[in-house]
Amino acid sequence: MEQKRLVLAIGLSLAILLVFQFVVAPLLPHPPAPHPAAVRAGNGATGKPASGPSASGPPASGPAVGAAAAAPRQVPRVPIAAPAVEGSLSLLGARLDDLVLRDYRQTIAPHSPLVRLLSPITSASPYYAEWGWSAAPGEKVALPGVDTRWTASGARLTPAHPLTLSWNNGAGLTFAITLTIDRDYLFGVTQSVTNHGTAAVTLYPWARIRRDGAPKVAGSYLLEEGPLGVMNGTLEQMTYTSARNKAKHHQGIAWTGTGKGGWIGITDKYWLAALVPDQASTHTAAFRTFARGTGTGFQTDLIATAAETIPPGGHAVSASHLFAGAKVVRLLDAYGAKYHIPSFDKAVDFGWFYFLTKPIFYALDWFNGLLGNFGLAIMAFTVVVRGLFFPLANKSYKSMSKMKLLAPKMQSVRERFKDDPARQQQEMLALYRTEKVNPASGCLPMLVQIPVFFALYKVLYVTIEMRHAPFIGWIHDLSAPDPTNLFNLFGLLPFHPGAITPFLHLGVWPLIMGGTMFLQQRLNPAPPDPVQARIFLFMPLIFTFMMAHFPVGLVIYYSWSNLLAIGQQWIIMRSTRLTKPSLARS
């Protein structure tokens, strides 16, 4: 009976998710279509391709998405060396376009290549950050562009050695970009302009992250990968597909907004590149798309709404940050608190159950620090969950135990009134009242625990802390399915049945889960209908195959929870029999 309620509860939850996704979500308000003037882009005063908005369009329109610089055979570069990242900075266009994460590898293999986050324009998938200036409408100013060659002040960028890039436009203006890097993933960026000329100039600083083409994504309803950011306290997030579709109808802009502070960037499942402006200044942010060969490129950008007017002999400065690295939750929280970045932790897609998902993550992270293993942390967390729901579960199991003892009387009522369904129902209700049994009492604990189940699934699926986290034995990645397979005798046969069909994958932990589910089912009262009873016998088998493709950490949670429930249920049923209630009398 409990398994029936479980299937019903999960079915209802899935129905709610589907209704929200396909019925409610399309009805929610979307950002208004940007004004056509907001996407005009042209050339700078020099007539060369500009890396930012042109003087012919409103500066607040943001950086243009024109063609990137041509890829020369040799590009002067400055190395980047820090404890968490390594790479280089291109002096052509002042692009941060080469970044590798030193603490993460592509697979669990010890010598697997390191994860690459940013890539230069000469690569198959360019992905980089740039900074620049736009002139006020009507001003003729020679600005640095995508093909500008900058001069570096040092030999490399390290946490102990900042780097300043400079360029003189030959008309009295000296542009500079000073970069710093901490021991993790945060770059400090200070843009400055010094006016040695005889006339004042008005400029707007901007920054952008550009990705030439959409990467391969997980494609799960649990996760959104693509442009995202927080503006005016609201999280704006799109998939690559939704951004491309919306931009088609709004001249290349999928979303735009203006506000103070915030942040904007592009996210992968575990990695993030995000621009963080001065939180006291006001900027216009945008998600954009552009044509790249036969595909689509994506850009997120920020431009100041207030101009910097630099008089002769004057100097203007604009400070910001760039986060480029792994979405470590505690690190995002620390940066958010230190630099007052709003909702920076929401770069991790904790989903609709954020209020539940993040506390669960912190609980697991705390247990991991205590026990030294996320698998053991999941088991300890399961004990806590069972403890929190103990009163409800206790009531449920006592009710099921009474129902099991009540089965002979229920069968007797069915036989006596088999030709009168209405009278049979009345007698059943009277029997429940007399014996003080509620047949629906077992449903509430299951319904209450479903959000916990989904939230834990989300934590295992989206947090980088679970990526490649090992357990005992053959489990080297709790966020991936159990790698063993019954259909090749757990590796004894030299072939991979999963390559034939996904249904031919069944690991050890899913088998353990199915076994515990079967044992738990045997403790419950059997359905009176023989056909229904035979159907329920297949439920553990169905769930075993279904859970075989879930993260093994979730299967461990389910298996351990089942074992705890079996012990609790057995004790309650034994105590119920020993008390010899009125149910035992015929």
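The exercises below work through a predicted model, from its overall make-up down to single residues.

In this predicted model, local features need pLDDT of at least 70 and side-chain atom pairs count only at pLDDT 80 or more, while totals for chains, interfaces and linings use all residues. Residues are numbered from 1 along each chain as its sequence is written, and side-chain values use heavy atoms, with hydrogens and water left out.

**Exercise 1. State the secondary structure content, the buried share and the accessible surface of the protein.**

Step 1. The protein has 12 helices and 19 strands. Helices (H or I, at least four residues) and strands (E, at least two) are DSSP runs, numbered from the N terminus.

Step 2. Of its 586 residues, 49% count as buried. Buried means under 20% relative accessible area, exposed means over 50%, and partly exposed lies in between (1.4 Å probe, protein chains only).

Step 3. The accessible surface comes to about 26,900 Å², and 62% of it belongs to carbon and sulfur atoms. Accessible areas come from the Shrake-Rupley method with a 1.4 Å probe; for residues, only the protein chains shown count as cover.

Step 4. Among contacts with a separation of 6 or more, 66% are between residues 24 or more positions apart. A contact means heavy atoms within 4.5 Å.

**Exercise 2. Give the strand order of the open sheet of 9 strands and find its edges.**

Step 1. The order is β6-β7-β8-β9-β19-β15-β14-β11-β12, with antiparallel pairing. Two strands pair if DSSP finds at least two bridges between them.

Step 2. The edges are β6 (151–152) and β12 (234–237); each has a single partner strand, so one side of each is left without a neighbour in the sheet.

Step 3. Within the sheet, β14 (residues 263–267) and β15 (residues 271–277) pair in the antiparallel sense over 4 bridges. Threonine 267 stands opposite leucine 272 in β15.

**Exercise 3. Describe strand β16, its partners and its turn.**

Step 1. Strand β13 (residues 253–260) is joined to β16 by 7 bridges and runs antiparallel to it. Here glycine 257 has alanine 285 as its bridge partner in β16.

Step 2. Strand β17 (residues 295–304) is joined to β16 by 10 bridges, again antiparallel. Arginine 292 stands opposite glycine 295 in β17.

Step 3. β16 and β17 form a hairpin with 2 residues between them, and glycine 293 in the turn has a positive phi of about 65°.

**Exercise 4. Is alanine 94 buried or exposed, and is asparagine 232 buried or exposed?**

Step 1. Alanine 94 lies in the loop between β2 (85–90) and β3 (95–105). Its phi is near 55°, a positive value in a residue other than glycine. Alanine 94 counts as buried because its relative accessibility is 2%.

Step 2. Asparagine 232 lies in the loop between β11 (226–231) and β12. Asparagine 232 also has a positive phi, of about 55°, although it is not a glycine. Asparagine 232 counts as exposed because its relative accessibility is 55%.

**Exercise 5. How many aromatic pairs does the whole structure hold, and which lysines lie over rings?**

Step 1. The search finds 21 aromatic pairs. Rings of Phe, Tyr and Trp (its six-membered ring) pair if their centres lie within 6.5 Å; planes under 30 degrees apart count as stacked, over 60 as edge-to-face and the rest as tilted.

Step 2. Phenylalanine 453 and phenylalanine 454 form an edge-to-face pair, 6.0 Å centre to centre with 85° between the planes. Phenylalanine 453 is buried at 15% relative accessibility, and phenylalanine 454 is buried at 14%.

Step 3. One aromatic cluster consists of Tyr185, Trp263, Phe323, Tyr335, Tyr339 and Phe344.

Step 4. The charged end of lysine 269 sits over the ring of tyrosine 461, 3.8 Å from its centre. Lysine 346 lies over the face of tyrosine 354, at 5.3 Å from the ring centre. The criterion is NZ of Lys or CZ of Arg within 6 Å of the ring centre and within 35 degrees of the ring normal.
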